[in-house]
Amino acid sequence: MNLANTLRRIALCDPQRPALYEGTRLCRTYGELAQRAARLAATLRAQGLAPGDRVLLFMRNHPAYLEAIYGCWWAGLAVVPVNAKLHLREAQWIADHAQARWAFVTGDIGTGLQVPGRCIDVDTPACEALFGGEALPLQHRAPADLAWLFYTSGTTGKPKGVMLTHRNLLTMGLTYFADVDPVDARDAIVYGPPMSHGAGLYAIPHVIAGARHVVPASGGFDPAEIFALARSLGRVSMFAAPTIVKRLVDHAQAHGLDGEGFKTIVYGGAPMYAEDIRRALRVLGPRFVQIYGQGETPMVATALSRAHLADTSHPRHAQRLASVGVAQTPVEVRVADAEGRDLPAGEVGEVLVRGDTVMAGYWRDEAATAAAVRDGWLFTGDMGSLDADGFLTLKDRSKDLVISGGSNIYPREVEEALLLAPGVAEVSVVGAPDPEWGEVIVAFVVAEPGRNVTAADLDAVCLQHIARFKRPKRYEFVESLPKNNYGKVLKTELRQRLKEQAR
């Protein structure tokens, strides 16, 4: 089982099928993409790399990204994609920890990266020379062999290397068709968000289907460019974090655009608030699917389908809209207490996932692996509840739970209420130590440009929608929220600000 075989099979039966674009320019057919992967594989093996060796990718989004991934897999190697927004020192730490032998980089970010073998700038003649030899036959890999070493975002310390196998990723790819979106050769996936993360993982189902792969000419995410590509190429899909969805919707509203050219926008990776998805559906139409997963079960835990999002006549539509959907086909999902015992419908506990997408473990960290995976179940650290119909509603990470006066308060519930207040653009809620209550709720609020939002306004909205004890004791009005490279709000940084203020 080698993931590169999915590329090989399309290239054999339909070599002229368009495969890879930079902007609207066709760069490679499937035949050409497979041939270049096979030639790169031959060079890598001739340079001394052995099956299972790791190759780091520290690149902005680039047409060479897919060539490098599939060339490495063809050769029996594993890839270590690293977010292009990381500092060089952070990327170097990952390279060292992963024991990467080679690296592919773009010169704008990767100059100076050190690996034992070669560090290749993909925009140089030296890189193109790697594709000049004979093709290597596809190398056999076992289902449990490492394919992708994914490093977590590391918001609470050093990132951990999640070991994803060929079985994990092939299962994920096939699940896309069953639970997210049917794909065929007419479709296109646009890589606006980092290919080192969910966007790149979704290359797998689109290669399986023989669809088109589009790297924006800018190498990143620009809403105007994405809308132009959608109109030009048609049947475009993309994976996006909620912050990127919000930017797409803002751009569409500002320029009077609808969803022309878009087929599907899959969102996930961070909370999407109910009011935000309602607005997205109003502006861009029924083109959305939500997925919930983690690096440790890549893109696969639950899904909230296009049909569920559109079923406004259902009596529990509002609750479903705030959920992350139902378990995807190849996994079991349950909610358990601290001892791992199932909880009844409606009760909040830790979300557990079991199935063939769950990681093999953390790279070089047996203790962390043993803590995260027990009896085949991944303990996600996310808190949530299942309803009687199997819909999972996330509350927060377990570490984000606030206990005030002995009562549990889930910040997301407060955030959902605050986002209903006119003039609020973004909000993040955390707990702050308090000598009387143990912890109190503090809300960091970003107002829309030109809007004046007061604490009294926010209190009034909270009192309309949530219990009085959940209302924030304090509001911090800020220009922006700190976020990591994937758009997740860094609540650890917000807590640190509060600690510094208390000194």
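Colleague: What should I know before I start reading?

Modeller: Residues are numbered from 1 along each chain as its sequence is written. The model is predicted, so local features need pLDDT of at least 70 and side-chain atom pairs count only at pLDDT 80 or more, while totals for chains, interfaces and linings use all residues, and side-chain values use heavy atoms, with hydrogens and water left out.

Colleague: In what order do the strands of the open sheet lie?

Modeller: Strands of a sheet pair through backbone hydrogen bonds, either parallel or antiparallel. Here nine strands form an open sheet in the order 2-1-10-9-11-12-13-14-15, with mixed pairing, where two strands pair if DSSP finds at least two bridges between them, and strands are DSSP runs of E with at least two residues, numbered from the N terminus. The edge strands, each pairing on one side only, are strand 2 (25-29) and strand 15 (326-327).

Colleague: How do helix 2 and helix 3 pack?

Modeller: Two packed helices are described by the angle between their axes and the distance between the axes. Helix 2 and helix 3 (residues 64-74) pack at about 60 degrees with axes 7 Å apart; helices are DSSP runs of H or I with at least four residues, and axes are lines fitted to C-alpha atoms, for helices over the stretch in contact, with angles from 0 to 180 degrees between N-to-C directions. The two helices are therefore oblique to each other, since angles under 35 degrees count as roughly parallel, over 145 as roughly antiparallel, 65 to 115 as roughly perpendicular and the rest as oblique.

Colleague: Which residues touch the most other members of the largest nonpolar core?

Modeller: In soluble globular proteins, nonpolar side chains tend to be buried together. Of the 87 residues in this core, Tyr70, Trp73 and Phe104 touch the most other members, and apart from it lies another core, of 31 residues, including Phe391. A nonpolar core is a set of buried Ala, Val, Leu, Ile, Met, Phe, Trp, Tyr and Cys residues joined through side-chain atoms within 4.5 Å, buried meaning under 20% relative accessible area (1.4 Å probe, protein chains only).

Conventions: Buried < 20%, exposed > 50% of the residue type's maximum accessible area, 1.4 Å probe, protein only.
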